[in-house]
Structure formats: C-alpha cells, structure tokens
Amino acid sequence: MKSSQSPLPDVPSLENLRCFAAAAQTATFRAAAKRVALTPAALGQRIRQLEAQLGQRLFERTTRSVALTQAGLALLPAARAALDAAAACLAAARGDHAAPEIELTIGTRLELGLSFLVPSHRALSKACPGLVLHYFFGSGPELLSRVRTRDLECAVTSARFTDPVLASETLHREDYVFVASRVLLRKTPLARFEQARHHTLIDVDDSLPLYRYWQDAAGGEGLSFARVWRVGSAAAIHRCIREGEGVAVLPRYMVQPEIDRGVLVALFPNVKLPCDHFRLVYRRDDPRQSAFTKLAAALRGLPLR
C-alpha cells in the first residue's frame, strides 16, 4: 500500500547553514572555522556540500578572503532565519519561550565609544533585552567598509555615505565649533580672519573632514593657515588643542565643558557651522531590522556625552 504522505523535501543541513552563516559574517574561512569550532578544511567541506546540494556557488574565493556571490546574498537571510527557527524549536521543546539572544558588534570611533557607548552599556543592555552588545573602534571610512563586508553588524558614526547597500537610523544631532585654547590666543590672537596665517590648523587627515564644517558655513571664509597638522582622530585633536598646539573644528559635545570653564574659546561665534547627525548604520539586506530599530531607539534615549 502506497503512503499518501508526500516525501520530505531535501532540506539543507542546519550545521551546513551554520557554517555558511559564519563564513558570510567573518569573510574568511579560517575565522569562521574558529567560530564554529571546526578546522578550516572541515568548514570548507561543509560549504562545498551545501553548494553541491543547491547547485550554486555561494562564495567567490581569493587567497586572502571570501565574498558572497549573488546566490550567497540571496541565501543569507533565509539561512539566518532557519537557524533562528531551529533555536526557537529547541527553546519551545524545553519550555523556554524567551526569544533567542542576538549578538551585535557596534563599531564607532574611539572617542565616542569611550565617552558614550561603553559608559552606556548597562543602560543599553537593560533597554534592549535579548541583544548581546560588543564594540569595535575604528575610523569612519573603516567602519562603513566593515559594515558593508559584514565584519560588523552595525556602526554609530556621523561619516557621510551614499552606498545603496547601507541603511541608517538617525540618532543624535552633532553640532560643531571652531576652538582654540585661551592660553594660545593670549599669545597669538585670532579675532580677524587674516590672523589665521599665524596659526596651525589641526585636523584628522588630508581631506580636512572637520574643517569642512567651517568651509560649508554661511559667513565662513577659506582661511589661510601657517600650516596644517594631521593627527588622525578627534580625540587626539582635542588634546592638542588643550595644549595650545593649534586651532580646530571639533564636535561641541566634546569641548563645551571646557568652553564653559574658559579653558577653550569658541572662535568667530557669529559664524554658525552646519550640524550633522550620528547615525546607526547597517546593511539594508540584514534580516535583523527589528534589532537595529530597538537599538536605535535606546541610543536616542541616552544623553550624548
């Protein structure tokens, strides 16, 4: 007698999907193998089994890294959903109906991480139950690149981008101010635009990303400085400004306490510099949209320090 039941579909192994998702996130088989406690050879075999079953190449491989093919990009959200569903099955069978934890690594620049994210970690964890948060520090362009290649799940940055792969949620407004130390100005005044030729402008790199806010301001002028000094980060610029090494445009939240105490002076206060915003940036195709929305709401509720 023939069974009336349809045969079970040939579904991918959950272990193969787990290896695939790890490789997609880390972008190297060696790092992915470490994450899933396999040898690189064993992980590679799992990936090959999955590719053979699907009849599609999932990765473009080079000697140093791997990148998802179009088929791999299409599979990734479904693979993650399948793994989450499997975890939910286990939880249901055990009587544990809590949602599975989601681990997110947030990238940001060092000074913002130390002043805002890390001190807010407990409050963030409390506001976002079910999210396990880790942190990574880097420059704006590096953070965007790492989110794009899935080395990071998301980033908090004010760096501008036009990449259609990336999406964002607005967090805090970021105002800027042109500043110098009071000690420096006593020795070398900067009350008129032409006096800039006696001063050193300090910025992050050759593109002058901070000074650009002055250049874009209504009423601002292209000032001529004695020299430009590049020091790599806003935190380093802040220290150099306090020590009287030059003048710079910096985020207001970073320097306002010292302006209030009279240690630093806002230059040309009648020139209003344009503002920007911190944003939570993530991949548009990442299936964890609800987690990013929850995280963004929590970040907006915390004071910027």
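I take buried to mean under 20% relative accessible area, exposed to mean over 50%, and partly exposed to mean in between, with a 1.4 Å probe and protein chains only. The model is predicted, so I keep to its rules: local features need pLDDT of at least 70, side-chain atom pairs count only at pLDDT 80 or more, and totals for chains, interfaces and linings use all residues. Residues are numbered from 1 along each chain as its sequence is written, and side-chain values use heavy atoms, with hydrogens and water left out.

**Entry: salt bridges**

I counted a salt bridge where a side-chain nitrogen of Lys or Arg is within 4 Å of a carboxyl oxygen of Asp or Glu. Over the whole structure the search gives 18 salt bridges.

I looked up D286 and R80, whose side chains meet in a salt bridge at 4.0 Å, N to O. D286 sits in the loop between β12 (276-283) and α12 (289-300) and R80 in helix α4 (residues 70-93), so the pair ties together parts that are 206 residues apart in sequence. D286 and R80 are both buried.

Next I took D206 and R230, a salt bridge with its closest N and O atoms 2.9 Å apart. D206 is in the loop between β8 (200-203) and α9 (211-215), while R230 is in strand β9 (residues 227-230), so this pair links parts 24 residues apart in sequence. D206 counts as exposed at 62% relative accessibility, and R230 as partly exposed at 46%. I also noted that salt bridges with shared partners join R80, D286 and R288 into one network.

I then checked E60 and R57, which form a salt bridge at 3.2 Å, N to O. E60 is partly exposed, with a relative accessible area of 41%, and R57 is partly exposed at 49%.

**Entry: helix α1**

Helices (H or I, at least four residues) and strands (E, at least two) are DSSP runs, numbered from the N terminus.

Of the 13 residues of α1, 10 are buried, so the helix is largely enclosed by the rest of the structure. Among them are L17, C19 and F20. At the start of α1, a side-chain oxygen of S13 comes to within 3.1 Å of the backbone nitrogen of E15. Just after the helix, A27 has a positive phi of about 70°.

Contact means heavy atoms within 4.5 Å.

E103 lies in strand β3 (residues 102-108) and is partly exposed, with a relative accessible area of 48%. Its side chain makes a polar contact of 2.8 Å with that of H134. Leaving aside neighbours within four places in sequence, E103 is in contact with V132, H134, E153 and R288.

E169 is in strand β6 (residues 166-174) and is buried, with a relative accessible area of 17%. Not counting residues up to four places away in sequence, E169 touches several residues, including F278, Y282 and R300.

Definitions and conventions: Polar contact = N/O pair within 3.5 Å; in protein donor to acceptor, adjacent residues only side chain to side chain.
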